[in-house]
Every structure is written in C-alpha cells, then in structure tokens.
Amino acid sequence: MKDLTPATTTLDPIEIASRDEIEALQLDRLKWSLAHAYKNVPHYTASFDAAGVHPDDLKSLADLAKFPFTVKQDLRDNYPFGMFAVPRDQVARIHASSGTTGQPTVVGYTEADLKNWGNVVARSLRAAGMQPGDLLHNAYGYGLFTGGLGVHLGADALGLTTVPISGGMTPRQVRLIVDFKPKGITVTPSYALSILDEFNAQGLDPRASSLEVGIFGAEPWTNAMRREIEEAFDMHAVDIYGLSEVMGPGVSMECVESKDGLHIWEDHFFPEIINPDTGAPVADGEQGELVFTSLTKEAFPIIRYRTRDLTRLLPGTARSMRRMEKVTGRSDDMIILRGVNVFPTQIEECLMATPGLAPHFQIELTKPDRMDQMRILCEAADGSLSVDAKSAAGQTLASQIKQSIGISVQVDVAEVGGVARSQGKAVRIIDKRG
C-alpha cells in the first residue's frame, strides 16, 4: 500500500493547535450554541427551564454536564421542523431518517451549515489521503440519507473529481471502478464486501484495481474486517463517523497515517462519554455512550445528544484533537442472551478468525420453549467447500463464540451468496422473539 500521509502544510491550523487553544475556542462556541438553542428552539427553552439551568450558567466546559440530554424521541416529538432555530425560509437543505423504526427525524442546514459540513468532510477526506484532483467513487446512498450528499459536499470543498454512483447496481460499480480508475471509494463496509464479491464473480483481481483508500462508515466494523478488506484490495481502509442528528458524515475521521481511532473535529463538535445507565460523565479513557453538542450549527443546534454509540475518548495523536475509539456497537443494538451482553461486532470478530468462512452473516433470535436462542447464518468462503468441511467450519465458529463470549449458538453455513447482501447499512439482527 502507498504512503498517503497528507503534508502538514495542507492541514487546517486548528487540527494541530494546542489543547489550550482548542478548549478556549470550544468554550466560546459552546456559550453561543447554548444561547442560540435556548433563545430560538422552544424545546430547549422548556428543557433548560425544567432542569433549572440557563446558558449563562456555563462558565467552563465541565459545566455542560449541568444541562439536559437530547434524545431521538425529542426530535420525533417535534416533527417536522420544531427543532429548527432559524425560520424555515433560511433552511437551505433538509435531510431525514428513513423512519423505519418510528417517526422520521428531520434535520436542517443553513448555507453556513452546509459550508461548515463541506469543510469538515473535506478535512476528513484529506486525512484519509485524498488530495485535490483525485478521483473519488462515492457509493454512499444519495437522497434524504446524509451519507452520499454529505461526502459529495466535502469532495467538492477539497477539489476532488466525484463519481456520484450511490449504492446498488453492484456490477456497474465494479465496471466504473475498473474503467474510471478512482483513487478512493466511500461506502459502507458491508457493501464493500459485496463489491469485493462482484470483482471475484467477474474474474477480476481487486488488488489490481486503482483503489488506494477505502473510507468506510455508517455502521460498526472491526479491525479484523479492516485487515480483510486491505488485504483483498491492497488499499488502506479507514473509518469515518457521523450521524444526521449531529451533522452527517465527517464528525470524526481516522487518519491514514495512524489508523488508531477517529479524530473528532472538536472545533465544531464537543464530545462527552457518559455511563449509559446513569447518565453521569466518565473520564477520558473509560468506555461508555458517546454524547455530542454542536458548536457552530445554525439551523439545527443539538445539545448533549445521546448517540447510543459505545466508545471511549483518547488523546490526540496524528492531530491535536481527541480521538474516539472505533465504535464497538450501540447500546440499543446490544443483545441480552440468557443474561449475557452480546454485540454483533463480537460475532464478526469470531467469524473473521474462522478459516473457510466468508465475512457475511446475520443473527437470528428466537424464543422456543421460553428460552432465548441465537442462530448465526453465515456462508462458505468459496464454492469448493464440501458439506463436511462447512459443518466443521460452523462447529469451529460456534466453539469460538462459546470461548470468547460465553454463549452457545447454532451456526448454519450456507453456500456462497446464501446470506442476503445489503446495498447500504447491513441488517445484522433478525429478532423473532415476539
């Protein structure tokens, strides 16, 4: 793999500023953001008043813990535009969740918000090794989902040449990668595996492709999957993080030269880690639930938003800004199976360590005879595996899961292609417990 480390002269000065400079800027912007939300969003006026706090009470960054959390239900209760802090005619862009699990959550952006969003995504793409003039294959979904258009904003801001292919049409994805020869690809890690399968199906060597870096986000993925993708494509695989409620992609980014966690762009987003059960802040280095407060958003300020993502904060390395460890899962995606807490990423790690099996899987939960059961559906790595070999690989995986997680599961190994493919975020859990 090529060395894609960006030149220090191309970085924004704040990326390598001192912690004192960063925190002074954060405090100034945090005061503005709290006052802006309190004055212009009825929800925040009411929630601050109910908690007995006022924006003027913020004297230090630690004082933010006095303010109430925002949760997804608050956004749903104020559907569609109740959380906007500017008149609707000043909103230049609207995005929304799909609403598949409830009322859609709607977010808005002023022209200044879009400029800031483009700048942080440009910073992220540069941290991944992309440079002005490079060609980017953008396979994130376009539309109300923030992924495709958010990355596109950043690509324009950095001066890239963008192929806005979006998701789906996997054979065409491969054709355009081969013909256009992009340097980078932005895509969910699960869909990257589908693209890899299509390379192999067409008899093409993915290592011979032009791709030098893959920028993966929108779902948790393990370092084991990183190694699998890097080896398969002979390219760097780095993590990008974001969520629509906070901005979209580009809230934090892994630097290609270190790959040791995602640097949070702390001049725009203030992170906290809390105990997910008590809501109390925990110290940097301790794992818990990630909480974000926006520092510069005009249309849709967000105060202490509980992301449900589980991670921990670490000191800066390649940049001065603090890092967040790769997300290990979501508190609301955690499976409690017979008293044991299980995350899909734990299953993935065991799967990646089992010879003969491909990295595609789904978890099916049932409750026969009032006892929770877990079934792992995975598939053979290639079509040459015999029935006995597939059975042995399944038994090995079940044993790995028993040893590392402490639960007994049923493993079924299907033929190649036997696990449903995703063209966006992977559907990992099918809960049939009723």
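This is a predicted model: local features need pLDDT of at least 70, side-chain atom pairs count only at pLDDT 80 or more; totals for chains, interfaces and linings use all residues.
1. Salt bridges overall. The structure holds 35 salt bridges. Side chains of opposite charge can pair when their charged atoms come close.

2. Lysine 183 and aspartate 134. The side chains of these two residues form a salt bridge, with 2.9 Å from N to O. Lysine 183 sits in the loop between α6 (170-180) and β5 (184-187), and aspartate 134 in the loop between α4 (111-127) and β3 (135-138), so the bridge ties together parts of the chain that are 49 residues apart in sequence. Lysine 183 is buried, and so is aspartate 134.

3. Arginine 207 and glutamate 231. Here the side chains meet in a salt bridge at 3.6 Å, N to O. Arginine 207 belongs to the loop between α7 (189-201) and β6 (213-216), while glutamate 231 belongs to helix α8 (residues 223-233), so this pair ties together parts that are 24 residues apart in sequence. Arginine 207 is partly exposed, its relative accessible area being 39%. Glutamate 231 has a relative accessible area of 54% and is exposed, because the cut-off for exposed is over 50%.

4. Glutamate 289 and arginine 308. A salt bridge of 3.7 Å, N to O, joins these side chains. The pair links distant parts of the chain, with glutamate 289 in strand β11 (residues 288-294) and arginine 308 in strand β12 (residues 305-311), 19 residues apart. Glutamate 289 has 0% relative accessibility and therefore counts as buried.

5. A network. Salt bridges also link several residues into a network, made up of Asp12, Glu15, Arg123, Arg126, Glu257, Asp267 and Arg319.

6. How α9 and α10 pack. Two packed helices are described by the angle between their axes and the distance between the axes. For helix α9 (residues 344-352) and helix α10 (residues 387-404), the angle is about 130 degrees and the axes are 9 Å apart. The two helices are therefore oblique to each other. The crossing of α9 past α10 is right-handed. On the α9 side the contact involves Ile347, Cys350 and Leu351, and on the α10 side Leu397, Gln400, Ile401 and Ser404. By class, the residues of this contact are 5 nonpolar, 2 polar and no charged.

7. How much of α9 is buried? Of its 9 residues, 7 are buried, and the helix is mostly covered. The buried residues are Pro344, Thr345, Ile347, Glu348, Cys350, Leu351 and Met352.

8. How α1 and α2 pack. Helix α1 (residues 19-40) packs with helix α2 (residues 42-51) at an angle of about 105 degrees, and their axes are 5 Å apart. That makes α1 roughly perpendicular to α2, because angles of 65 to 115 degrees count as such. In this contact α1 supplies Leu34, Ala37, Tyr38 and Asn40, and α2 supplies Pro42, Tyr44, Thr45, Phe48 and Asp49. The classes are 6 nonpolar, 2 polar and 1 charged.

9. Isoleucine 22. This residue is placed in helix α1. Is isoleucine 22 buried or exposed? Isoleucine 22 is buried, with a relative accessible area of 1%. Leaving out residues up to four places away in sequence, isoleucine 22 touches Ile14, Ala17, Glu266, Ser320 and Met321. Between isoleucine 22 and methionine 321 there are 299 residues of separation in sequence, yet their C-alpha atoms are 7.8 Å apart in space.

10. Threonine 146. Helix α5 (residues 146-158) contains threonine 146. With a relative accessible area of 6%, threonine 146 is buried, because buried means under 20%. Which residues does threonine 146 touch, not counting those up to four places away in sequence? They are His95, Tyr109, Trp117, Val151, Ser244, Met247, Gly248 and Pro249.

Key
Residues are numbered from 1 along each chain as its sequence is written. Side-chain values use heavy atoms; hydrogens and water are left out. A salt bridge is a side-chain nitrogen of Lys or Arg within 4 Å of a carboxyl oxygen of Asp or Glu. Helices (H or I, at least four residues) and strands (E, at least two) are DSSP runs, numbered from the N terminus. Buried means under 20% relative accessible area, exposed over 50%, partly exposed in between (1.4 Å probe, protein chains only). Axes are lines fitted to C-alpha atoms, for helices over the stretch in contact, and angles run from 0 to 180 degrees between N-to-C directions. Angles under 35 degrees count as roughly parallel, over 145 as roughly antiparallel, 65 to 115 as roughly perpendicular and the rest as oblique. A crossing is left-handed if the near helix is turned anticlockwise from the far one by less than a right angle, and right-handed if clockwise. Contact means heavy atoms within 4.5 Å. Ala, Val, Leu, Ile, Met, Phe, Trp, Tyr, Cys and Pro count as nonpolar, Asp, Glu, Lys and Arg as charged, and the others, Gly among them, as polar.
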